[in-house]
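Please keep the sequence and the structure in view while reading.

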Amino acid sequence: MSISGTLDALTAPDVRKEIPSIVETGKHRVIVDLSGLTLIDSSGVAAIVSLYKQVRARGGEFKVVGVRDQPLAIFKLLRMDRVFSL
């Protein structure tokens, strides 16, 4: 999955709508590419955490790659860089 642009209160619901289809496919490894993401807010973080929890609950592997700039600063502030091994 690749997310670009902004992930905020307006766009996070679109990501949340995709979560069931990602989880239900039975994929054991989900990689989220955020190299094109320029801005994230708490709604965006919540959407990514929701996907993470659902993948991990099914025994899958979850990885976030390509995080930079403002999104990286937010993940570090929330200490999510430790969860996602950024």
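Which residues does Asp-81 touch, not counting residues up to four places away in sequence? They are Phe-75, Lys-76 and Leu-86, where contact means heavy atoms within 4.5 Å. This is a predicted model, in which local features need pLDDT of at least 70, side-chain atom pairs count only at pLDDT 80 or more, and totals for chains, interfaces and linings use all residues. Residues are numbered from 1 along each chain as its sequence is written, and side-chain values use heavy atoms, with hydrogens and water left out.

Asp-81 belongs to helix α4 (residues 80-83); helices are DSSP runs of H or I with at least four residues, and strands are runs of E with at least two. Asp-81 is buried, that is, under 20% relative accessible area with a 1.4 Å probe, protein chains only.

Helix α2 can be described as follows.

| Feature of α2 | Value |
|---|---|
| Length | 16 residues |
| Reach, first C-alpha to last | 22 Å |
| Span expected at 1.5 Å a residue | 22 Å |

The expected span is 1.5 Å times one less than the number of residues. The buried residues of α2 include Val-45, Ile-48 and Leu-51. Among the elements covering the buried residues of α2 are β1, α3 (69-77) and α4. Beyond its neighbours within four places in sequence, Ile-48 contacts Leu-7, Leu-34, Ile-40, Phe-62, Val-64, Phe-75 and Phe-84. After α2 comes Gly-59, with a positive phi near 80°.

How values were computed:
Buried < 20%, exposed > 50% of the residue type's maximum accessible area, 1.4 Å probe, protein only. Lys, Arg positive; Asp, Glu negative; His and termini not counted. Salt bridge = Lys/Arg side-chain N within 4 Å of Asp/Glu carboxyl O.
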